[in-house]
Amino acid sequence: MKQSPESAKLLRDDPGDLMACAERANRMRADRFWIWLVVIVLNYGAAIGAESQATNAIPSEPTQTSECFIPDVFSFRFGCFRPQVELNGEWDFKIDKEDLGVSRGWPEGREVFDRTIKIPGVPQAQGIGTPNSRQKNQFLDPFWVRRKFQMPDVAAGKRVWLRLGGVFPAAAVYLNGQSIGYTKSSRTQQRVDVTRFVKPGVENLVAIKVCDLPKVRLDGMYEWQELSMIWSGVYRSVCLEITDEVSLIDEYIQPRLVQSKAEVSFELSHPSPSPLRVVLKVMDGKRSLGSTEVAVPAGQIAGRAEVKLGKFTTWYPTHPKLYMMETLIYRAGEKQPIDKSGLRFGMREISTTTNKFILNGKPIYVRCMGDMALYLDTIAPPVDINWYLPKLKRARDFGINMGKVCVETWSQDFVEAADEAGIMVIQEMPFGVGPLRANRYTIDEKFRKFFSAELDGLVKQSRNQASVVSYSMSSELEFGQQTQDSFNFFSRELTSQAKKLAPHALAIDCTGYLDAVTTAKGDRITDFYASIIPTWCKEVLDETVVNNDGQHPAMLHEWNWWSCYPDPDDQPKYKNTQMLPTWFDTLRDSARKNGQEELIPTYRKNSLWVQAQSRKDGLEYARRCPHVEGFILWAWLDFHQYAEGVLDDFWEPKDVSAGEFLKSVGDTVVVLAKEGNRAVKMNQIERIPLAVSHYGEADLTGAVLKWQAVRDQKVFERGQLRLKAVKYGELTQAGDAAVNLPKANHGYKFDLLVTLEKNGKSVNSNNWSFWAFAEPGPEVTALGYATNAGHIIGDGIFLRLQPTNSATIPAATKLVVADGVDQALANYIQAGGKCLLLTRGALIEQDKIYYPGMVNFYTLYRALPWNAGPGNAGSVITPHPALAGFPYEGLCDLQFVWAIRGVVPMNFEPLRQYGVTPIIRMIDFYKNNANNAHLLEFGVGQGHVLVSSLNLQTNLNQKLDVRNLTGSLLSYAQSAKFAPLARVPAAEFLRLFSARPLPETGMKK
């Protein structure tokens, strides 16, 4: 989630190293924190109330996690060799709003609980609670769950452990009426020794109080109730496990590929009074790849070993091979193990150079899916690995090779599925995104200790997962706001701790802003950068280069918030989920109110097109941009009303197939070597430079780049470029496609289709649209010269433009081209005159913005970011002779980029009553559905007006497409076809198209 630094303070703190960073931040980010705050307040008032109620409650539980809880590093489903007592299933349930459970003896089994729920699972997903604006059932009161179970006989000298997969937000645990302890480690699997609490051979009672949100707590997507779902409970598995008095409680496996070995360190639960023998076996199913054993002297609880391996396969996204490390513990001289456990792992190594991510010794381009941890059915993360696995395999089919949640860790169930699917994972610590976000900047001792302890547990439980390649300490920490202590903690201490715990994974202090190691507060400890600067809201065709200090590779952070207009036809899909999709009702109501209901399907289709076009532009920019080695695509999934995903909330593709997506995201991608111009001159040879970004696992030698130029589904030009060598991990300049563009009577669209082949087989292909134009007549070019203002050009075209936009209109005038309206112009038109009005600053122009001081998202061609406020969600063009000389296909394709960028549309709502309909309509944010347009026509009295808010004059001299668009409008305005039916009263015309009054300054003359 995006917030903005106090850039002025940042400049004061770091005038040297971060000057450029701060300047870009000033230009690009403005006040995004306040925007999000406003959005949250407006959209989620009910949820904020629920959060406030929970936060203000006075918890009766302890403030610190009991020391008896330790991280549990073992899977609930793989390598389970120890005897277990299953506790999943039906539990009794009762809310404890008044905190009376302990005093009334609920842990001992007193009183009847009135409901049951299934565990793992949360009550809000099982019909308990009241609805809010987006969720069928929600509450945050403390509650109890308890159940009876039969405990088998336990031999003398054995231990019984209670294993908790996850309880959110905190839990007080009781067994047979006795308190075991309190924990708020809501993401870390935990185990606790309950030997002295259980009663072997008889019925036992376990009770868990799901407690209030602690004051000192984690703060990630689970806690961010203003934006995410509201839930609490025992959301992962629970069981009892029986071990020997001494058992394995921690193990770390570090692959060494070159040495063909796995280094292992381990820790035992207790020191043994006698020597032990620890045997380690690496198993591929039933086949052993290698084994070793190590002696542990009496009294010691830790050891190290190396397991030499035979032939093995590395873990890699395209072939995610997994092995099992079986660990057996024997007492000296005994043949039967006293303990046996298993950990699944992969043989993989990841590192970075100054400019590359290196996986298993070779560069890899990171294609990371950004996720918001939204689970429509279960609310809490599902526990079924088969829920995740097909979805992650689909992501791999689309070329994705990594995933990250916004300020949150993925559950162990997700990570185990990622191991199998070949999705690398960045586990980002939930150390501040919601109510406690600002707490990071002045971190106090209580939070320091708690976050450090949580990092320890979160890393230990996941560091053996092949997929977990990186740990992030935070997101979007704004350097200018941090105290020195905060900087030291997040940018040095926590990353050092993570690197010590998991040296075979990468560590980053903060995804978001900084893109240099050296700062005024000291040097950061980080392995890579993930930065939004300077392109957090990238415009289509923009080629701003990302710069950093060159010491580490960089990813583009939360890239790039491309949303689309929601589809109300999707509403029935949510029927059996826990979400109330009320945004569809808002959409329909707004569209109906503004007379656009019948346009909704077109809005959806055209908005999806703009989203896909913006995304394709951004992803290919990332592949050719220097200093960029990957991206975190924001977002992979829609995330309810924001509709910004490649896939919808149900993991289904919206507007692009896997094959189409791979054109821009595959291991090997053909790109335009340079972007920025899609308008080219016809009747000449246009050279279009091409490049190949190759991150396959081997060089391509003898490859051929074949291209075709296609117009109206017919190939009119073709060619090929032979490439001697395409090295993996590099961008190879391939040369130019020299396209001989035929002459035509008016502009036309053509597509360049390119295929990279090796040995006659396609490696990947790509395609782009271009528009070929001739130079228009001299009267069009004349519009761009200020010296022509106040004069007649061509056949009676009078340029009533600044600085002569109040000039008297000559009698010989046949058409006025004006950039402002006054009474004289209104009179001229009313008397039968014609006008092409290039409106600027008129009252009719749309003035809604996200937030004061923020960039106006109506002025951007790209898809609306966040889908959270007013802006450009696409376009609709009605077939019309005004555009007869300009190629278009029902919407503003890239031949309109420069005409749309930098200007706002007209809000023609007041003109609808007179029958005015748009020629070029801009689709608005779905909650507004304002009647916005860039091109209108109507009559005033006896005359006619063609009015445009397009950015024509500014770009006329620089852009061939803008000149041709202007020429088409001029030609139409001079023709007999210019005869609009709608009539607008002269007074209304003068009022709406006169200059907007300047805001009051409060100053007296």
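Modeller: Buried means under 20% relative accessible area, exposed means over 50%, and partly exposed is in between (1.4 Å probe, protein chains only). This is a predicted model, where local features need pLDDT of at least 70, side-chain atom pairs count only at pLDDT 80 or more, and totals for chains, interfaces and linings use all residues. Residues are numbered from 1 along each chain as its sequence is written, and side-chain values use heavy atoms, with hydrogens and water left out.

Biologist: Is Y972 buried or exposed?

Modeller: The relative accessibility of Y972 is 4%. The cut-off for buried is under 20%. Y972 therefore counts as buried.

Biologist: What kind of pair do the rings of Y972 and F978 form?

Modeller: Rings of Phe, Tyr and Trp (its six-membered ring) pair if their centres lie within 6.5 Å; planes under 30 degrees apart count as stacked, over 60 as edge-to-face and the rest as tilted. Here the centres are 5.2 Å apart. The planes stand at 55°, so the pair is tilted.

Biologist: What kind of pair do F716 and F750 form?

Modeller: Their ring centres are 5.9 Å apart. Their planes are at 80°, so this pair is edge-to-face.

Biologist: How many residues apart in sequence are the parts that this pair ties together?

Modeller: Helices (H or I, at least four residues) and strands (E, at least two) are DSSP runs, numbered from the N terminus. F716 lies in strand 40 (residues 714-726) and F750 in strand 42 (residues 748-758). The pair therefore ties together parts that are 34 residues apart in sequence.

Biologist: Which ring does K184 lie over?

Modeller: A charge sits over a ring if NZ of Lys or CZ of Arg is within 6 Å of the ring centre and within 35 degrees of the ring normal. K184 is at 4.8 Å from the ring centre. The ring is that of F450.

Biologist: How many disulfides does the structure hold?

Modeller: A disulfide is a pair of cysteine sulfur atoms within 2.5 Å. For C68, the nearest cysteine sulfur is that of C211, 14 Å away. For C537, the nearest is that of C564, 16 Å away. The number of disulfides is zero.
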